[in-house]
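User: Please go through this model with me as a set of questions and answers.

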Amino acid sequence: MIQKIKGFKDILPEDIGIWQKVESVAKSIFENFGFSEIRLPVIERSELFKKSIGENTDIVEKEMYTFADRKGELITLRPEATASVVRSYIQNKMYAKEPERKLYTIGPMFRRERPQKGRYRQFYQINAEVFGIKSPLIDAQILLMLTTLFEKLEVLDTVTHLNSLGCPKCRPDFRKALIDFFKPVLSELCKDCIRRINTNPLRVLDCKCPSCKKAVENAPIITDYLCDECETHFFSVVDTLKSQNIPFELDTKLVRGLDYYTRTTFEIQTSLPGAQSAVAGGGRYDELVKMLGGPDQPAIGFAIGFDRLVEIIAAGQKQQEPSIDIFIAALGEKSNKMAYKWICELNLSGIKAEMDFSDKSLKSQMRKAGKLNAMYVAIMGENELNNGSVVLRNMKTKNQELVLIDNFIKSVKDKKTA
Ligand code: AMP
């Protein structure tokens, strides 16, 4: 039997309910905040990700699914959505009509990471991106939008970590201070971090390795190195969040795995058991539009790990029994034809009605109704047809009543709306 590829998964019908709920709640909140949906290709030219995410990041160095297509062009299954949204903003000249754009997109991403619970090679993200707004108020507003979504989904056990990563003006000073700090204690760092020291020293700050965690305890703090503009911006975000009672924690060790972030950065973490605690992350990327060939427009956005969010919700709720409104147990050809007509009519009017299509005995049809968790079962055999009425049984209370065949559809509809 051909099996699915490691790190990829099927989302089965019994699990889809939470996915659909999250999606519809997210869409309705995002649209209230002025966001419009955009759908983008899952494959882009490899250079888009190399240029935006950064050559010296784990994603680009180790995790991308990159292929040469038949003509030898290097293409990549998108590892994240921001680069594609930016590409589309520039390519479709969205800025020309109105530079301020609020966009969201939901879809699969691909990273060749080591699979484990909460970490997949195909995973889904819900992304929201804002272009053209420099004001720190928008940073606070998208955090308000994100926390509102988590609250609506009753995912309350979260902490928002907040930091600023400065800008191209002030970050080089911090980078240098970090390198100077780590050089004398290089031997205390893991192999990856020793390599990162010259390419991406900020990543050492959030290395999960115990020896690195210890080594960074007294490392320089980015907020001490912010230029005046970055500092004003950051404290304005902090003040707005406080004034709106949006909870957060300052986390000066928070850096993100993608190079394009500037200024405000954040991550939402949960205490769900297991190593994968980050359920959403984002921040400003004021330089990226320009860097990818567009106009000088600021931007900010976030990505929610859809799979992880679903796992948190599922862990917090008892598996909901799937249930239908009515099961029609029919015996004999004539009754079956009548039952078929009825279920179709009920289905079309929004009622979940089912029947058996394979001439099973009454006993096994009742068993099927039980499995489907039917609220009502209608029993219809030759006798009932001849008498012009069917037995309608409430499966919870076990009450039975006789319903005239001519009145059947109306009775079922009345029960549904009662
Ligand atoms: P990032 O694009 O790396 O900032 O990730 C944003 C969010 O996507 C993370 O906080 C995770 O919740 C989720 N995520 C990232 N990588 C994976 C993965 N391999 N499997 C599942 N979720 C992921």
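**Questions on the fold**

Analyst: Pro220 is found in the loop between H9 and helix H10 (228–243). This is a predicted model, in which local features need pLDDT of at least 70 and side-chain atom pairs count only at pLDDT 80 or more, while totals for chains, interfaces and linings use all residues. Residues are numbered from 1 along each chain as its sequence is written, and side-chain values use heavy atoms, with hydrogens and water left out.

User: Is Pro220 buried or exposed?

Analyst: Buried means under 20% relative accessible area, exposed over 50%, and partly exposed in between (1.4 Å probe, protein chains only). The relative accessibility of Pro220 is 18%, so Pro220 counts as buried.

User: Which residues is Pro220 in contact with, leaving aside neighbours within four places in sequence?

Analyst: Contact means heavy atoms within 4.5 Å. Lys50, 170 residues from Pro220 along the chain, has its C-alpha atom 29 Å from that of Pro220. With neighbours within four places in sequence left aside, the residues in contact with Pro220 are Phe174, Ala177, Leu178, Phe181 and Tyr225.

User: Which residues of H7 are buried?

Analyst: Helices (H or I, at least four residues) and strands (E, at least two) are DSSP runs, numbered from the N terminus. Helix H7 (residues 171–182) has twelve residues, and its first and last C-alpha are 16 Å apart, close to the 16 Å expected at 1.5 Å a residue; the expected span is 1.5 Å times one less than the number of residues. The cover over the buried residues of H7 includes helix H8 (191–199), helix H9 (210–215) and strand E9 (262–270). Those buried residues are Arg171, Phe174, Ala177, Leu178, Ile179 and Phe182.

User: In what order do the eight strands of the open sheet run, and which are the edge strands?

Analyst: Two strands pair if DSSP finds at least two bridges between them. The open sheet has mixed pairing and the order E1-E5-E6-E11-E10-E9-E7-E8. Each edge strand pairs on one side only, and the edge strands are strand E1 (36–37) and strand E8 (249–250).

User: What angle does the direction of H4 make with that of E6?

Analyst: Helix H4 (residues 82–91) packs on the sheet and touches E5 and E6. Axes are lines fitted to C-alpha atoms, for helices over the stretch in contact, and angles run from 0 to 180 degrees between N-to-C directions. For H4 and E6 the angle is about 45°.

User: How many bridges join E5 to E6, and how many join E6 to E11?

Analyst: Strand E5 (residues 101–110) and strand E6 (residues 122–131) run antiparallel; Leu103 stands opposite Glu129 in E6, and Met109 has Phe123 as its bridge partner. E6 and E11 also run antiparallel, with Ala128 bridged to Phe302 in E11. Nine of the ten residues of E6 are buried, so E6 is largely enclosed by the rest of the structure. The bridges number ten between E5 and E6 and seven between E6 and E11.

User: Which residues does Gln297 touch, not counting residues up to four places away in sequence?

Analyst: Gln297 sits in the loop between helix H11 (288–291) and strand E11 (299–305). Its relative accessible area is 16%, so Gln297 is buried. With residues up to four places away in sequence not counted, Gln297 touches Tyr89, Pro99, Gly132, Asp286 and Val289.

User: Why does Met64 count as buried, and which residues does it touch?

Analyst: Met64 lies in the loop between helix H3 (58–63) and strand E3 (65–68). Met64 is buried because its relative accessible area is 13%. The C-alpha atoms of Met64 and Phe49, 15 residues apart along the chain, are separated by 9.0 Å. Not counting residues up to four places away in sequence, Met64 touches Phe49, Ile59, Thr76 and Pro79.

User: Which residue in the turn between E15 and E16 has a positive phi?

Analyst: Strand E15 (residues 389–394) and strand E16 (residues 400–404) run antiparallel and are joined by five bridges. Leu392 has Glu401 in E16 as its bridge partner. The two strands form a hairpin with five residues between them, and the residue in the turn with a positive phi, about 70°, is Lys398.

User: How far apart do the C-alpha centres of domain 1 and domain 2 lie?

Analyst: Domain bounds come from an automatic or database domain assignment, which gives domain 1 (16–170 + 226–315) and domain 2 (324–417). The C-alpha atoms of the protein chain fill a box of roughly 90 × 50 × 45 Å along the principal axes. The distance between the two domain centres is 50 Å.
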